[in-house]
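Visitor: Please show me the structure, and let us then go through its features by question and answer.

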Amino acid sequence: MSDHYRKLEAMYHGAKVNDHVPGELSIREGEATLEIPVDEEYHHALGAVHGSLYFKALDDAAFFAANSLVEDVFVLTTDFNLYLERPVSTGAIHAEGQVLNDNPSQLIAGAVATDDEGNELARGTGTFRKSDVELTEDIGYALD
C-alpha cells in the first residue's frame with residue numbers, strides 16, 4: 001500500500017465537512033471507492049436522498065482517483081457533470097471513481113454510484129487540474 005494513498009485518505013477523513021457527511025474512503029492507483037451511509041437527515045421532502053449527497057459521493061470518488069496519480073500537489077475539480085438516475089432512501093451510497101484520462105494539463109475521472117443491491121443511482125465525470133497547493137501536513141496530508 002502506498003503512503004501517498006493513506007495520506008490522501010487521512011486528509012479526506014480529517015476534513016471538517018466529513019464530520020457532517022461521514023464516509024469510508026479507500027484509494028488505489030487511479031481509483032477510489034467511497035461509501036456514505038444514507039441517513040434521514042439527507043432526505044428531501046419526498047423522503048429520498050438530496051442530489052447534493054450524490055454529487056459529494058461522485059466528486060469525492062473521482063477527485064481522489066485523480067489525486068492518487070498526483071503526489072506533489074492538491075488537484076482541483078474544474079468541471080463535473082452529474083446524471084441522477086434513481087432515488088435511494090436507506091442503506092448506503094457506494095461510489096467508485098476511476099481516472100479515464102491523464103495528460104499534462106488535466107485529468108479526467110468518472111464515478112458511478114450504486115445502492116446496496118448494486119442498482120446504479122447516479123454517474124458523473126469531472127475534469128481536474130493540478131493546483132499550486134502542496135500536499136503537506138498542514139492540510140491533513142499525513143499518516144497518523
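Visitor: In the hairpin of β1 and β2, which residue takes a positive phi?

Guide: This is a predicted model. The hairpin of β1 and β2 has two residues between the strands. With a phi near 75°, the residue that takes a positive value there is G30.

Visitor: Over how many bridges do strand β1 and strand β2 pair?

Guide: Strand β1 covers residues 24-28 and strand β2 covers residues 31-37. Within this pairing, E24 stands opposite E35 in β2. The two strands run in the antiparallel sense, and their bridges number five.

Visitor: In β4, which residue is the bridge partner of I36?

Guide: β2 also pairs with strand β4 (residues 92-102), in the antiparallel sense and over seven bridges. For I36, the bridge partner in β4 is I93.

Visitor: Which residue in β5 is the bridge partner of E96?

Guide: β4 and strand β5 (residues 107-114) pair over eight bridges in the antiparallel sense. They form a hairpin with four residues between them. The partner of E96 in β5 is V112.

Visitor: The side chain of N103 reaches the backbone nitrogen of Q106 at what distance?

Guide: N103 has its place in the loop between β4 and β5. A polar atom of the N103 side chain lies 3.0 Å from the backbone nitrogen of S105. The side chain of N103 also reaches the backbone nitrogen of Q106, and here the distance is 3.1 Å.

Visitor: Is N103 buried, exposed or partly exposed?

Guide: Buried means under 20% relative accessible area and exposed means over 50%, with partly exposed in between. The relative accessibility of N103 is 28%, so this residue counts as partly exposed.

Visitor: What distance separates the C-alpha atoms of N103 and D60?

Guide: N103 belongs to the loop between β4 and β5. Along the chain, N103 and D60 are 43 residues apart. The separation of their C-alpha atoms is 20 Å.

Visitor: How many aromatic pairs are there when ring centres must lie within 6.5 Å?

Guide: The rule takes rings of Phe, Tyr and Trp whose centres lie within 6.5 Å. Ring pairs link Y12, F63, F64, F74 and F128 into a cluster. The count of aromatic pairs comes to five.

Visitor: What kind of aromatic pair do Y12 and F64 form?

Guide: The centres of the two rings are 5.6 Å apart, and the angle between the planes is 90°. Planes over 60 degrees apart count as edge-to-face. The pair of Y12 and F64 is therefore edge-to-face.

Visitor: How many residues apart in sequence are the parts that the pair of Y12 and F64 ties together?

Guide: Y12 is buried at a relative accessible area of 3%, and F64 is buried at 5%. Y12 lies in helix α1 (residues 3-14), whereas F64 lies in helix α3 (residues 51-67). Because the partners sit in these two helices, the parts tied together are apart in sequence by 52 residues.

Visitor: What kind of pair do the rings of F63 and F74 form?

Guide: F63 is buried, with a relative accessible area of 7%, whereas F74 is partly exposed at 25%. F63 lies in helix α3 and F74 in strand β3 (residues 73-84), so the pair ties together parts 11 residues apart in sequence. The ring centres are 5.2 Å apart and the planes stand at 50°, so the pair is tilted.

Visitor: Which element gives the largest share of the lining of the largest pocket?

Guide: About 240 Å³ of space lies in the largest pocket. Of the 16 lining residues, those closest to its centre are A15, D60, F63, F64 and F74. The elements that give two or more residues to the lining are α1, α2 (17-20), α3 and β3. The largest share is five residues, and it comes from α3.

Visitor: How many nonpolar residues are in the lining of the largest pocket?

Guide: By class, the lining has three polar and three charged residues. The number of nonpolar residues is 10.

Visitor: Which residue has the backbone oxygen that the side chain of S68 reaches?

Guide: S68 has its place in the loop between α3 and β3. With a relative accessible area of 2%, S68 is buried. Its side chain reaches a backbone oxygen at 2.6 Å, that of A65.

Key:
Residues numbered from 1 in each chain as written. Predicted model: local features only at pLDDT ≥ 70, side-chain atom pairs only at ≥ 80, totals over all residues. Heavy atoms only, no water. Phe/Tyr/Trp six-rings, centres within 6.5 Å; stacked < 30°, edge-to-face > 60°. Buried < 20%, exposed > 50% of the residue type's maximum accessible area, 1.4 Å probe, protein only. Pairing = 2+ DSSP bridges. 1 Å grid on protein atoms, 1.4 Å probe; cavity = no way out; pocket = protein on both sides within 12 Å on 5 of 7 lines; lining within 4 Å. Points joined across faces, edges and corners; volume = space filled by probe spheres on them. Nonpolar A, V, L, I, M, F, W, Y, C, P; charged D, E, K, R; others polar. Polar contact = N/O pair within 3.5 Å; in protein donor to acceptor, adjacent residues only side chain to side chain.
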